[in-house]
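Hi,

Here is the structure for your files. My notes follow below it.

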There are 2 protein chains.
Amino acid sequence: MTAIETAVPGVPAEGTRARVERAALDLFTLRGFEQVTTDEVADAAGISRRTFFRYFATKADAVWGDFAAHVARLEELLADADPAQPVLGSVCAAYVEVNDYVAAELPLLRERMRLILTEPALLAHSQLRYAEVDRVVARYVAARSAGRETDLVPRLVAATTRAAATTAFQAWLRDERSALGDHLRQAFAELTAGFPALLR
Amino acid sequence: MTAIETAVPGVPAEGTRARVERAALDLFTLRGFEQVTTDEVADAAGISRRTFFRYFATKADAVWGDFAAHVARLEELLADADPAQPVLGSVCAAYVEVNDYVAAELPLLRERMRLILTEPALLAHSQLRYAEVDRVVARYVAARSAGRETDLVPRLVAATTRAAATTAFQAWLRDERSALGDHLRQAFAELTAGFPALLR
DNA sequence: TTGCCGCGTGGCACCGGGTGTCATTAGCCT
DNA sequence: AGGCTAATGACACCCGGTGCCACGCGGCAA
């Protein structure tokens, strides 16, 4: 496969990153993450393998988009949360809001998340990304409950809410027509109420 | 570094696996997972690199011991659980019991878990191992609640209880003299009660 | 215009994890 | 003794990731 546009050295590239992401997503979705080499992705995007690794630290990073901005937004939402609201409620609300995408972005999100939650190598890698999210949440809970970020409860809230969110994403992926927000709210409702669906 | 015992080809090896695990654990703990090559581990254990990968599918697998047996025991505990007990309680109890180690095994467990939860590459890899655990738990919850393994609630229980268990392990690692069971019970108590520690 | 410089780029060599293949060797069975 | 099985080790290879260097474009100053 050859390049659509030949890259010009010395030029700021202007949209190269997005083009590489598209090529990566397409190839990974089509043939599977492990079956595609970084050489092929780079080639499809019209850059060299070496340059690919200047845009993305690892092969896996090419599917995450601007995840750092996502985490930053979550952090802002938590910082702006009403202190009168319960801590756990604020965390869940922030998760719901940060994942409130406009309709046009949903297909891309689906593609990303399908890869991340389906491909073993990407699922493993996700743990490293989600660790950043956990730290943000744990820090917030610690601050609100006058504890330390490394205490059991802040970490527990971070780990379990994130697990719930991930599970909601899985459910969303399985049902093409469902709304992500509904799954998230249902998952958090179960979690915060101690799984009432299991009472019998 | 040279071998303690030179391996004899054709002989069943008898304890080679355990020797490799020890060498790996020692080296990883001493110098860090990524800083040690599989060549060095193999050499320290007196085998070739190629043979190392016959005992362990990946470098990371050398720190997990017989994890499949661990998962199998959890599955048995769940199968033998009292059907009169609440589902969630059975899952938590099984987690506590499967992690009820005799004192002599605790230092080894600490070493393993410290590596797994501290080294980024191992933390990422852990996701793949824990996915097996999640499936076992989700299957049990689905069976008890007349649902499917892929439904939201079974997956949710599996993901959140496992997240709670992992968090308990982290707390245990931070406190040298604490009991793992105490952390697990406390984490599960918080989880199943909807985090009462956060009420204010 | 000429010459210099910064920077994105690509080529290349290298490292390390992981795999397929093949020859070697020992124990065992007949 | 001869043949079979199974564990091993050597070798070549693939691929992700990195360090290094040379190239070429645009911009800037003289």
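**Cysteines, interface and one aspartate**

The sulfur of C92(B) lies 18 Å from the closest cysteine sulfur, in C92(A), which is too far for a bond. A disulfide here means a pair of cysteine sulfur atoms within 2.5 Å. Searching the whole structure over all chains gives zero disulfides. C92(A) is likewise in none, with the sulfur of C92(B) as its nearest cysteine sulfur.

Are these two cysteines buried or exposed? C92(A) is buried, at a relative accessible area of 7%. C92(B) is buried too, at 8% relative accessibility. The cut-offs: buried is under 20% relative accessible area, exposed is over 50%, and partly exposed is in between (1.4 Å probe, protein chains only).

Before going on, the ground rules. This is a predicted model, where local features need pLDDT of at least 70, side-chain atom pairs count only at pLDDT 80 or more, and totals for chains, interfaces and linings use all residues. Residues are numbered from 1 along each chain as its sequence is written, chains are lettered from A and ligands numbered from 1 in the order written, and side-chain values use heavy atoms, without hydrogens and water.

Now the interface. In chain B, 36 residues are in contact (heavy atoms within 4.5 Å) with 37 residues of chain A. The two chains bury about 3300 Å² between them, 74% of it on carbon and sulfur atoms. That is accessible area (1.4 Å probe) lost on putting the two parts together, summed over both. On the chain B side, L152(B), F195(B) and L198(B) lose the most area to chain A, together 20% of what that side buries.

Which elements of chain B give two or more residues to this side? They are helix 5 (87-98), helix 7 (120-144), helix 8 (152-174) and helix 9 (180-192). Helices are DSSP runs (H or I, at least four residues), numbered from the N terminus. Helix 8 of chain B gives the most, with 14 residues.

There are zero salt bridges between chain B and chain A. The criterion is a side-chain nitrogen of Lys or Arg within 4 Å of a carboxyl oxygen of Asp or Glu.

Last, D134(A). This residue lies in helix 7 (residues 120-144) of chain A. D134(A) is buried, at 15% relative accessibility. Leaving out residues up to four places away in sequence, D134(A) touches A158(A), A159(A) and R162(A). D134(A) and V157(A) are 23 residues apart in sequence, and 8.7 Å apart in space, C-alpha to C-alpha.

Best wishes
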